[in-house]
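Please consult the sequence and the structure alongside the numbered points.

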Amino acid sequence: MQKEYVLSLNDFREPKVLEGKAAIATILVRLILLNPGTIPDRPLMGVGLVEKYRYSFKENVDELRKEIKRQIQTYLPRYQGAEVNVLLNKDNSLTIGIEIDEVLYQLETSELLDNQLEMNNLSE
């Protein structure tokens, strides 16, 4: 079972540990949002969604899908069989769907007035 430690505490004031689907969802979001070069030991790790794909257009959608797939294959080899789909909506928001072990993790973003991306929803 996948486990992920987060920087918060549980009800007993112990370090919070996410397990299963919640852990996988957290790992995927971190990988998608992480800017390449942030981790010195792994300078190519991270999709850099906000920095590199903030102004996404139709021609960038396939590139983004391939980059997410490549990052998963490289840094999350346990989930190499993941299916990745990216959809650019009419309002320039992105919907990213990643299917792992028959579970769909879906990340939705929207563009704010100050040209920042916001994650609206992460569902499994």
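In which sense do strand β3 and β4 pair, and over how many bridges?

1. Strand β3 (residues 83–88) pairs with β4 in the antiparallel sense, over 6 bridges. Two strands are taken to pair if DSSP finds at least two bridges between them; strands are DSSP runs (E, at least two residues), numbered from the N terminus. The model is predicted: local features need pLDDT of at least 70 and side-chain atom pairs count only at pLDDT 80 or more, while totals for chains, interfaces and linings use all residues. Residues are numbered from 1 along each chain as its sequence is written, and side-chain values use heavy atoms, with hydrogens and water left out.

2. β3 and β4 form a hairpin with 5 residues between them. Asn92, in the turn, has a positive phi of about 65°. Within the pairing, Leu87 has Thr95 in β4 as its bridge partner.

3. β4 is mostly covered, as 6 of its 7 residues are buried. Buried means under 20% relative accessible area, exposed over 50%, and partly exposed in between (1.4 Å probe, protein chains only). Glu99 lies in β4, which spans residues 94–100. Glu99 counts as partly exposed because its relative accessibility is 36%.

4. Leu104 is found in strand β5 (residues 103–111). Its relative accessibility is 41%, so Leu104 counts as partly exposed. The C-alpha atoms of Leu104 and Ala25 are separated by 9.7 Å, although these residues are 79 residues apart along the chain.

Note on methods
Helices (H or I, at least four residues) and strands (E, at least two) are DSSP runs, numbered from the N terminus.
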